[in-house]
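Subject: Structure handover

Dear colleague,

I am passing on to you the structure that follows, together with notes on what was found in it. Please keep it open beside this message as you read.

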Amino acid sequence: MKKENELIRSYMTKQINTLISQKEKCGGKARFANLRRGAGKEPGELPELWGAFLNEIPEELISSNGKPSRGEWAIYLSLTMFALHQQGNSESVHAENISLGKAARLLIDEPTDNERERVLRRFGPVVTAKDMPEFSHHLRSMVQLFSSKGIKLDYVRLAEDIYYFQTGNRKRVQLSWGKDFYYEKGEK
């Protein structure tokens, strides 16, 4: 049996690729619009989205207690944020290897302490959110900033990070985002 993070990675890769390839086809725009309506909501709250994030989801990721599982939260948030980010963009806003921390760093116009503080006022609440509804709220704000500045994000990695953010690996995810925010590989 695959680990949950591997299941999330393969499922999200398939979903993102399908959404991108069907964007301009019949029903593609409606699918994006439905997903955008789910931004800020909890997984399962909108019946019209059940098929968009539950269709073919690996059984191991499905909740058995009636509350959204960590995997369901990760997939749902990533897909709805991707749809929100994609709105009005002709090119895909998904780009491999751009973590949430790196995307936040790309919001900095000039590498000054004031600029970092300006971005950290928006990024910090995402990283320190106490629960998934709070995380979702602050993430939405960041995604809207990314969209306004033309910054892309790795939505497959985001789903994995969100999954780990909900587990005992939360501090590892926070540290990874912090490193990506403050340090660009290749810079010294």
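The notes below take up salt bridges, a pair of packed helices and one serine.

This is a predicted model, in which local features need pLDDT of at least 70 and side-chain atom pairs count only at pLDDT 80 or more, whereas totals for chains, interfaces and linings use all residues. Residues are numbered from 1 along each chain as its sequence is written, and side-chain values use heavy atoms, with hydrogens and water left out.

A search of the whole structure finds six salt bridges (a side-chain nitrogen of Lys or Arg within 4 Å of a carboxyl oxygen of Asp or Glu). One of them joins the side chains of Asp161 and Arg157, at 3.7 Å from N to O, and both residues lie in helix α8 (residues 155-165), four residues apart, about one turn of the helix (helices are DSSP runs of H or I, at least four residues, numbered from the N terminus). Arg157 also meets Asp180 in a salt bridge, at 3.3 Å from N to O. Since Asp180 lies in helix α9 (residues 170-182) and Arg157 in helix α8, this pair ties together parts that are 23 residues apart in sequence. Asp161 is buried at 11% relative accessibility and Asp180 is buried at 12%, whereas Arg157 is partly exposed at 23% (buried means under 20% relative accessible area, exposed over 50%, partly exposed in between, with a 1.4 Å probe and protein chains only).

Turning to helix packing, the axes of helix α1 (residues 4-22) and helix α4 (residues 70-86) come within 11 Å and cross at roughly 25° (axes are lines fitted to C-alpha atoms over the stretch in contact, and angles run from 0 to 180 degrees between N-to-C directions). That makes α1 roughly parallel to α4, a description used for angles under 35 degrees. Among the residues that meet, α1 contributes Tyr11 and Leu19, while α4 contributes Ile75 and Phe82 (contact means heavy atoms within 4.5 Å).

Finally, Ser136 lies in helix α7 (residues 132-149) and counts as buried, at 2% relative accessibility. Ser136 touches Gly40, Leu77 and Met81, when residues up to four places away in sequence are not counted.

Terms used. Helix = DSSP H or I, 4+ residues; strand = E, 2+ residues; numbered from the N terminus. Parallel < 35°, antiparallel > 145°, perpendicular 65-115°, else oblique.
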